[in-house]
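Here is a short note for someone opening this structure for the first time. Please keep the view open while reading the points.

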2 protein chains.
Amino acid sequence: MGNKTQELKNILDTNNYKLTSQRDLILQILADNEGEHLSAEEIYNIVKQRDSGIGLATVYRTLELFGELGIVQQLNFDDNCRRYELEENNNEHHHHLICIDCGAVIEFNDQILEEFETDLEKKYDFLVTEHSIKFYGYCENC
Amino acid sequence: MGNKTQELKNILDTNNYKLTSQRDLILQILADNEGEHLSAEEIYNIVKQRDSGIGLATVYRTLELFGELGIVQQLNFDDNCRRYELEENNNEHHHHLICIDCGAVIEFNDQILEEFETDLEKKYDFLVTEHSIKFYGYCENC
DNA sequence: AAATAGAACGAAAATGATTATCACTACCTA
DNA sequence: TAGGTAGTGATAATCATTTTCGTTCTATTT
């Protein structure tokens with residue numbers, strides 16, 4: 001049992017879920033494509049090459065589960081589908097520059113928030129026309 | 001012709017679009033509900049009370065048009081539907097805190113980026129578990 | 001190793017927001 | 001007033017995602 005697989009099994013065990021070949025395979029695909037931001041459909045197509053019997057619903061279910069378990073992060077680039085990437089173990093978050101013309105996604109690290117806007121425009125030669133910042137968590141009522 | 005209506009007509013004229021009663025009404029509804037983040041469906045339901053003959057497709061078309069013209073801002077709170085709010089005339093942007101439990105949306109102003117994370121947690125009594133920052137614009141290839 | 005209960009699966013139908021189609025209407029211009 | 005075109009309403013189509021349901025697999029206990 002590979003290193004990644006064992007780690008997955010531990011997480012699943014801890015949360016009373018079972019290790020299946022499908023879950024293992026999907027994790028491998030995500031690991032093999034680190035840096036990509038794959039959609040469920042794209043993952044499905046890659047996964048099918050190795051296990052033609054897998055169902056699209058399983059891919060969705062697994063990605064949803066991985067999201068809950070903190071294994072993957074769900075991204076929304078406003079292109080009509082959710083995208084997924086492995087959550088990093090270190091606590092260095094990274095954010096995304098999304099080109100509204102060609103759809104290119106450029107990653108950059110957290111750094112000092114104050115420098116973001118102006119510096120990043122130079123650094124990536126990216127003309128910012130709009131940005132949004134989201135925080136997720138719990139409000140005072142929850 | 002009301003103030004808002006005249007302003008709308010000017011923008012539409014400039015861009016070779018026509019002022020229609022539907023467009024005028026939808027603008028009014030948005031203005032009457034400032035601070036809300038309405039979905040197309042919600043807007044449709046409100047609009048229907050004043051003009052029962054209006055079609056849902058028209059609401060979508062109008063909101064899309066308003067988006068292109070910079071009249072409304074399209075928001076994505078990851079709740080499976082696009083939401084809309086009037087673009088502010090001053091250039092004070094505001095961002096959103098979204099509660100993943102109750103769905104509450106709390107607005108806050110731009111201010112100094114460096115203070116964001118820590119200060120906002122205190123200010124709104126909001127426990128941040130996750131955040132994402134998006135910039136929209138044009139990359140070097142575009 | 002067989003038995004078993006419940007988790008997980010695959011195929012396909014259902015859902016739900018959004019978009020496209022198309023015939024009809026309203027408005028502007030000649 | 002007639003003609004052309006933008007805009008509209010109803011409805012069908014799309015497409016990502018979710019749900020359903022009968023079957024298969026996993027882990028655990030005999």
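A polar contact here is a pair of N or O atoms within 3.5 Å; within protein, one must be able to donate a hydrogen and the other to accept it, and residues adjacent in sequence count only if both atoms are side-chain atoms.

1. Ground rules. This is a predicted model, where local features need pLDDT of at least 70, side-chain atom pairs count only at pLDDT 80 or more, and totals for chains, interfaces and linings use all residues. Residues are numbered from 1 along each chain as its sequence is written, chains are lettered from A and ligands numbered from 1 in the order in which they are written, and side-chain values use heavy atoms, with hydrogens and water left out.

2. Backbone contacts to DNA strand D. A polar backbone atom of B:G53 is 3.3 Å from a phosphate oxygen of DNA strand D.

3. The surface near DNA strand D. A residue is near a strand if one of its heavy atoms lies within 4 Å of it. DNA strand D is surrounded by 20 residues, and the closest are A:Y60, A:R82, B:T20, B:T58 and B:R61. By type they divide into eight nonpolar, six polar and six charged. (Nonpolar covers Ala, Val, Leu, Ile, Met, Phe, Trp, Tyr, Cys and Pro; charged covers Asp, Glu, Lys and Arg; the others, Gly among them, are polar.) Of the atoms of DNA strand D within 4 Å of the protein, 75% belong to sugar or phosphate, and the rest to bases.

4. Which elements supply that surface? α4 of chain A, with α2 (21–32) and α4 of chain B, each supply at least two residues near DNA strand D. α4(A) gives the most, with four residues. Helices (H or I, at least four residues) and strands (E, at least two) are DSSP runs, numbered from the N terminus.

5. DNA strand C. There are 17 residues around DNA strand C, and A:R23, A:T58, A:R61, B:Y60 and B:R82 come nearest. They divide into six nonpolar, six polar and five charged. Sugar or phosphate accounts for 77% of the atoms of DNA strand C within 4 Å of the protein.

6. Contacts to DNA strand C. A polar backbone atom of A:K18 is 2.8 Å from a phosphate oxygen of DNA strand C. For a backbone N or O atom of A:G53, the distance to a phosphate oxygen is 3.2 Å. A:R61 reaches a base: an N or O atom of its side chain is 2.8 Å from a base nitrogen of DNA strand C.

7. Chain A overall. Chain A has five helices and six strands. Along the sequence they follow the pattern α-α-β-α-α-β-β-β-β-α-β. Of its 142 residues, 39% are buried. (Buried means under 20% relative accessible area, exposed over 50%, partly exposed in between, with a 1.4 Å probe and protein chains only.)

8. The open sheet. Three strands of chain A form an open antiparallel sheet in the order β1-β3-β2. β1 (38–39) and β2 (72–76) stand at the edges with a single partner strand each, so one side of each is left without a neighbour in the sheet. Strands pair if DSSP finds at least two bridges between them. β2(A) and β3 (residues 82–86) pair over five bridges, and two bridges join β1(A) to β3(A).

9. Facing residues. Opposite A:E85 in β3(A) stands A:Q73. A:R83 in β3(A) is the bridge partner of A:L75. A:L38 stands opposite A:Y84. Four of the five residues of β3(A) are buried, so this strand is largely enclosed by the rest of the structure.

10. A buried leucine. A:L27 is in helix α2 of chain A. Is A:L27 buried or exposed? A:L27 counts as buried because its relative accessibility is 8%. Not counting residues up to four places away in sequence, A:L27 touches A:K4, A:L8, A:F66, A:I71 and A:L86; contact means heavy atoms within 4.5 Å. A:I71 is 44 residues away along the chain, yet the two C-alpha atoms are separated by 8.8 Å.
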